[in-house]
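Thanks for coming, everyone. Please bring up the sequence and the structure, and we will walk through them together.

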Amino acid sequence: MVTNTPAARPVNPRFSSGPCAKPPTWSLEKLADATLGRSHRADIGKTKLKAAIDGTRDLLGVPADYRIGIVPASDTGAFELAMWNLLGERPVHMVAWESFGAGWVTDAVKQLKIEAEVHTADYGHIVDMAALNYNNDVCFTWNGTTSGVRVPTGDVIPADRAGLTLCDATSAAFAQDLPWEKLDATTFSWQKVMGGEAAHGMLILSPRAVERLESYVPDWPLPKIFRLTKGGKLIDGIFSGATINTPSMLAVEDYLFALNWAREIGGLPALMARADANAQAIFDFVEATPWIENLAVDPRTRSNTSVCLKFTDRRITDGAGFAKAVARRLEAEGIALDIGAYRDAPPGLRIWCGATIETSDIRALLPWLSWAFDAEIAARSEAA
């Protein structure tokens, strides 16, 4: 029996996991102060870029002795930059439980060709982070955007480690409380929890990471767009707003708006609370619904941003086709856009729950999931 068409509809159907929904109060008019047509090297441009760095530090609680830089190519560029500069001085543990982590493994093993020990887990599971040797370097993703699995705590990372930790935190920053004292090179992009525009990455370096940069020269050449040092010293300008290449000042203005919005609603605690409430609404629905489950097996590791779900009904014989059909039905109705599972992930749905999403929209979406599921089951039964 097909569920009746729900009466309520999400006000904003944008549940994409990147680029993600804008903050609820966003409009193009809010970017009118962007320094368009001006050099990013002019005083006004440098002031805007430094404000983006300072605002990031303030909102995330990044320690004063950590360096923060705006770098090219979104989170991907930031993490590649960190690997190419920092790895190779000692062996490395490459850790992956989803597609982006697997990409970093490929870079270390096949491109950099360094001494690497690879630790992987299937989608829905996580590597035992306590079993790693932190006297080696460790590369990992804090929150797996394509699997909905996150590191539950940084407690297992020793404070007296000899190696560096390189953390891709792009779906965790601004939604989860990152333990900065356990992280040496941390990256993210503006397009996730803050709903900013893509193409720019953030790189946050601990004093230990800076020491490595100034004492170790990799065996491989570094393109200009990756260079963080000159003459054996850190290029300080990169970490005060003098970007390596020309940034989009419109995107910078967009990020500044998001930072201001976050401060207005209560800062990091409010951002985390919004993401938690969004994810919990889905978890409660899943708990009460027999035909769907969280992809993340252990509740402690379930993401509060990229919530990944799988269909479990025995009548479904084509998991990928069924999930795509459900997503298409919801998009056709204008209920949910871009919620299909990532292409490399198991079939299912992926619903973004970051802080820019309203919990009321999540709650309005959930009855439509039941509607789309019943409608697709009925259509396949009739076709058979």
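How many cavities of 30 Å³ or more does the count come to? The count comes to 2. One thing to keep in mind throughout: this is a predicted model.

Take the largest cavity. Its volume is about 40 Å³. Its lining includes Ser147, Gly148, Phe283, Asn294 and Leu295. Ala296, Arg302, Ser303, Ser306, Val307 and Cys308 also line it. By class, that lining splits into 5 nonpolar, 5 polar and 1 charged. Which strand gives the most to this lining? Strand E13, residues 306–311, with 3 residues.

Now the second largest cavity. It holds about 40 Å³ of space. Thr146, Leu295, Cys308, Leu309 and Ala341 are among the residues that line it. The classes here are 8 nonpolar, 1 polar and no charged residues.

Look in the loop between strand E5 (143–144) and strand E6 (149–150). Is Thr145 buried or exposed? Thr145 has a relative accessible area of 5%, so it counts as buried. Setting aside residues up to four places away in sequence, Thr145 touches Ser17, Glu98, Thr170 and Ser171, among others. Its list also includes Lys192, Ser306, Cys308 and Arg350.

Next, the cores. In soluble globular proteins, nonpolar side chains tend to be buried together. Here, the largest nonpolar core has 89 residues. Which residues have the most contacts inside it? Phe140, Phe174 and Phe311. Helix H6, residues 267–287, gives the most to this core, with 10 residues. There is also a second, separate core of 35 residues. Val71, Leu81, Leu112 and Phe226 are included in that one.

Zoom in on Phe140. Leave aside its neighbours within four places in sequence. Phe140 is then in contact with residues including Phe79, Val95, Met129, Val151 and Ile157. Thr165, Leu166, Cys167, Asp168 and Leu183 are on its list too.

What does E7 pair with? Strand E4, residues 137–141, runs parallel to E7, and 4 bridges join them. In that pairing, Thr141 stands opposite Asp168. Strand E8, residues 185–189, also pairs with E7 in the parallel sense, over 3 bridges. There, Cys167 stands opposite Thr186.

Now the backbone. Most residues other than glycine have a negative phi, and most peptide bonds are trans. This model has exceptions to look at. Phe174, from the largest core, has a positive phi of about 80 degrees. Phe174 lies in the loop between E7 and E8. Its relative accessibility is 2%, so Phe174 counts as buried.

Ala199 also has a positive phi, of about 90 degrees. Find Ala199 in the loop between E8 and strand E9 (200–205). At 46% relative accessibility, why is Ala199 not called exposed? Because exposed means over 50%, and buried means under 20%. Ala199 therefore counts as partly exposed.

And the peptide bond? Gly18 and Pro19 are joined by a cis one, with omega about -5 degrees. Pro19 sits in the segment before helix H1 (43–60).

Two last stops. Pro91 is in the loop between helix H2 (74–86) and strand E2 (92–96). With 27% relative accessibility, Pro91 counts as partly exposed. Beyond residues up to four places away in sequence, Pro91 touches Glu115, Asn136 and Asp137. How far is Pro91 from Asp43 in space? The C-alpha atoms are 43 Å apart, and the two residues are 48 apart in sequence.

Finally, Arg328, in helix H7 (residues 319–332). Arg328 has 54% relative accessibility, so it counts as exposed. Arg328 and Ala372 are 44 residues apart in sequence. In space, C-alpha to C-alpha, the distance is 9.1 Å.

That is the tour. Over to you.

Definitions and conventions. Residues are numbered from 1 along each chain as its sequence is written. This is a predicted model: local features need pLDDT of at least 70, side-chain atom pairs count only at pLDDT 80 or more; totals for chains, interfaces and linings use all residues. Side-chain values use heavy atoms; hydrogens and water are left out. A nonpolar core is a set of buried Ala, Val, Leu, Ile, Met, Phe, Trp, Tyr and Cys residues joined through side-chain atoms within 4.5 Å. Buried means under 20% relative accessible area, exposed over 50%, partly exposed in between (1.4 Å probe, protein chains only). Helices (H or I, at least four residues) and strands (E, at least two) are DSSP runs, numbered from the N terminus. Contact means heavy atoms within 4.5 Å. Two strands pair if DSSP finds at least two bridges between them. On a 1 Å grid over the protein atoms alone, a cavity is a set of points where a 1.4 Å probe fits but cannot get out, and a pocket is an open set with protein on both sides within 12 Å along at least five of seven lines; lining residues have an atom within 4 Å of a point. Grid points are joined across faces, edges and corners, and a volume is the space filled by probe spheres set on the points. Ala, Val, Leu, Ile, Met, Phe, Trp, Tyr, Cys and Pro count as nonpolar, Asp, Glu, Lys and Arg as charged, and the others, Gly among them, as polar.
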